[in-house]
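I opened a new model today and kept notes as I went. The entries follow the order of my look-ups.

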Amino acid sequence: MNNLKNNKVPVKKILTALLILVFAACMLVPIPYYVEQPGDTINLKQLITVNGEEDQQEGSFSLTSVGFRRATAFRALAAQFKPFEDVVSADELTGGSTDEEYQQMQQFYMKSSQNAAIEQALKLAQKPYDLQYKGVYVLGVEKNSNFADKITVGDTVTKVDGKSFTSSQEFMDYVKSQKVGQELAVTFEHEGETKTAKGKLIELPSDKKPGIGITLTDHTEIKSEEEIDIDAGNIGGPSAGLMFTLEIYEQLIGKDLRHGQEIAGTGTIDSEGTVGRIGGIDKKVASAAESGAKIFFAPNDDITNEMKAIQPDIKTNYQEAESAAKKLGTDMKIVPVKTVQDALDYLNKL
């Protein structure tokens, strides 16, 4: 009888040890998911100088960001009970790219965004500049692309069939005007070397048009007498384009656009000054409200029938931002903008 009692003690200890190990694993061991949450709201006075001078006006323009943390089982569970946190898989976040490729893509997007913002600010300020189109950055290559083993992330495509282009749109228009199965010769820069690869066009699932099967963004350079420096550090992605444009423009014209207001916002910017849709805007609204911003610029993007077909309950960024502000109970004003001029028109009325 005593032996039986004594045998129970080690079993309890083993079970306790196992429970401790499981608990520790749930707390500490990463799983292939990320927690998407409000990131930082960053005053652009800290990042941008024009002709060696910092912004001295009252108030601020700030970019907003989304933070991603590698999840543990407990962290993922806790996120289910927080209003501005979501759990996304590693594939959803990176699109199947490696961590290195994903970071490289984000930096390409950031560089492209900066160039578009500088161009827009110079154009608005009526300052002369020269835009040099270098080609398109390759941000990703689809597995079924006939160029998958020839072109890699980080390459710059400069020509197709010997033809040069002045924009990525012109490049895509040419490719889509060809036929599925047609062979093309693609010239590209790879680690400082010029190379050419041949392959057949595939049918793209997005629009059933012929394509090479790459994700791309413009590779441009701006030449101007104005010295514009943006030190974005490790911040990646294209979503700061609008706010970069406003900050640079204010410094170029030397005029107080903000009238002392703390203004945050988000949205891509293109060469026409259109403000584009971004992801995670609810988290950016939460970050901006926490920082004390009183005004938030949100893209008032158009929702197409194709987008509705895929996601029937889809909302514009502005509608998403309004919902987030209401949930937060903040008095921060959400301002819809379709173009950078919309933002300037609003500021002129302050």
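**Ground rules.** This is a predicted model, so I kept to its thresholds: local features need pLDDT of at least 70, side-chain atom pairs count only at pLDDT 80 or more, and totals for chains, interfaces and linings use all residues. Residues are numbered from 1 along each chain as its sequence is written, and side-chain values use heavy atoms, with hydrogens and water left out.

**Whole chain.** I looked up the secondary structure and found 10 helices and 18 strands. Both are DSSP runs numbered from the N terminus: helices are H or I with at least four residues, strands E with at least two. The C-alpha atoms fill a box of roughly 95 × 55 × 40 Å along the principal axes. Of the 350 residues, 43% count as buried. Buried means under 20% relative accessible area, exposed over 50%, and partly exposed in between (1.4 Å probe, protein chains only). I then checked contacts, meaning heavy atoms within 4.5 Å. Of those with a separation of 6 or more, 74% join residues 24 or more positions apart.

**Helix α4.** Just after α4, Q126 takes a positive phi of about 55°.

**Largest pocket.** I noted a volume of about 1400 Å³. Of its 49 lining residues, F68, L93, Y102, Q106 and G237 are the closest to the centre. A pocket here is an open set of points on a 1 Å grid over the protein atoms alone, where a 1.4 Å probe fits, with protein on both sides within 12 Å along at least five of seven lines; lining residues have an atom within 4 Å of a point. Grid points are joined across faces, edges and corners, and the volume is the space filled by probe spheres set on them. Which element gives the largest share of the lining? That is α4, with nine residues. By class I have 20 nonpolar, 20 polar and nine charged residues. Ala, Val, Leu, Ile, Met, Phe, Trp, Tyr, Cys and Pro count as nonpolar; Asp, Glu, Lys and Arg as charged; the others, Gly among them, as polar.

**Second largest pocket.** This one holds about 890 Å³. It has 27 lining residues, and S112, S168, T217, D218 and D270 lie nearest its centre. Again α4 supplies the largest share, six residues. The lining divides into nine nonpolar, 14 polar and four charged residues.

**D301.** I found D301 in the loop between β17 (295-299) and α8 (305-310). Buried or exposed? It counts as buried because its relative accessibility is 10%. Beyond its neighbours within four places in sequence, D301 contacts R277, T316, N317 and K338.

**Positive phi.** Most residues other than glycine have a negative phi. D161 is not a glycine, yet its phi is about 55°. It lies in the loop between β6 (156-160) and β7 (163-164). D161 is partly exposed at 32% relative accessible area. H259 also has a positive phi, near 55°. I placed H259 in the loop between α6 (241-253) and β14 (262-265). At 42% relative accessibility, H259 counts as partly exposed.
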